[in-house]
There are 2 protein chains.
Amino acid sequence: MDDFKSIGTHLKSLLDDLVINLHTQLNNAGFPEIRPSHGYIFQYINEEGSRITELAGHAKITKQSMSALVYQLEDWGYLKRAADSRDKRGVLFFLTDKGISLQNMSRQINYDFERQWESRLGIANYQKFRENLQKLCISLK
Amino acid sequence: MDDFKSIGTHLKSLLDDLVINLHTQLNNAGFPEIRPSHGYIFQYINEEGSRITELAGHAKITKQSMSALVYQLEDWGYLKRAADSRDKRGVLFFLTDKGISLQNMSRQINYDFERQWESRLGIANYQKFRENLQKLCISLK
DNA sequence: AAATATAGTAAGGATGGCTGACTTTACAGC
DNA sequence: GCTGTAAAGTCAGCCATCCTTACTATATTT
């Protein structure tokens, strides 16, 4: 019945489920201002400090767009900035304690959600699915 | 090295590759005005005619958003409208010949792109991946 | 006949992207 | 040391895609 659906539709459907679950739970947990696009930052930010350009590159969006997202998170207390001692042009951003706890909570929420998928496919099958997905992404680099 | 990446990142990466490929090729083939969100319509439209509300429901966007997309495709000659004889409130939309040929081209482009993924994973493995993906979507309904 | 539901439109706002032009700083070659 | 180029960010302004709220017109149910 759903056979006519394309792979694109399936991928989008799965991704949407994940994202909606995450942000519904974050909202309920008292983080209503965090939106999907802020996820780029929590995904890619580095303990040694990350710069706008670097984050934008990973997220594949412009520096300007990334800049706006980062400044919001800074305003809300999830990030703090520091001058880059080796390059006066750059600004380094770090997660605050609040940022780290949000990052951990997000990971836990997604981890728990994946366990639901796992129980649908069975552990071995889900493992296989994960591996195949990862292979497709890596080889596409 | 990419191990830290979450499943969400992987899904998004794969989906982006597919969508970028499709729209790059459509662009080159002389359909520059078609954007990713128009895909909803080509994906879900019915031979017997589809209505705004019905399409919006499948795409999980509002009637207003779908309305705007449908009117664009109508302006560009991909869709034609007809009154619904059984319900004067409704409007039925159909693909024109131009719309059908775009739909066919899109399917072919995505089909060809999937063959690249298939050759990366091997046919049996890719088949398995496809099945698992589909299972996850169906059971989520 | 009245109440309610449904199809679609209208207006306006939030979000998430983009481009182009700009400043400041870094670096490489002469 | 100059000079030219590149790189990090910012600012301004644009567009697309979604949303909410409110509305009209038609159907349906009671």
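In this briefing, a residue is buried if its relative accessible area is under 20%, exposed if over 50%, and partly exposed in between (1.4 Å probe, protein chains only). Welcome to a predicted model, in which local features need pLDDT of at least 70 and side-chain atom pairs count only at pLDDT 80 or more, while totals for chains, interfaces and linings use all residues. Residues are numbered from 1 along each chain as its sequence is written, chains are lettered from A and ligands numbered from 1 in the order in which they are written, and side-chain values use heavy atoms, leaving out hydrogens and water.

**Helix 5 of chain A**
- Helices here are DSSP runs (H or I, at least four residues), numbered from the N terminus.
- Helix 5 of chain A covers residues 97-121, 25 residues in total, and reaches 36 Å from its first C-alpha to its last.
- That is close to the 36 Å expected, where the expected span is 1.5 Å times one less than the number of residues.
- Its buried residues include A:Leu102, A:Ile109, A:Phe113 and A:Trp117.
- Just after this helix, A:Gly122 has a positive phi of about 90°.

**A:Val70, a buried residue**
- You will find A:Val70 in helix 4 of chain A.
- A:Val70 counts as buried because its relative accessibility is 0%.
- Leaving aside residues up to four places away in sequence, A:Val70 touches A:Ile41, A:Ile52, A:Leu55, A:Leu79 and A:Phe93; contact means heavy atoms within 4.5 Å.

**Around DNA strand C**
- Of the 21 residues around DNA strand C, those that come nearest are A:Arg35, A:Gln64, B:Lys63, B:Tyr71 and B:Arg89; a residue is near the strand if one of its heavy atoms lies within 4 Å.
- Sugar and phosphate make up 68% of the atoms of DNA strand C that come within 4 Å of the protein.
- The side chain of A:Gln64 has an N or O atom 2.3 Å from a base oxygen of DNA strand C.
- For B:Ser67, a polar side-chain atom lies 2.5 Å from a phosphate oxygen of DNA strand C.
- Helix 4 of chain B gives the most to the surface near DNA strand C, namely four residues.

**How the two chains relate**

Methods:
Helices (H or I, at least four residues) and strands (E, at least two) are DSSP runs, numbered from the N terminus. A polar contact is a pair of N or O atoms within 3.5 Å; within protein, one must be able to donate a hydrogen and the other to accept it, and residues adjacent in sequence count only if both atoms are side-chain atoms.
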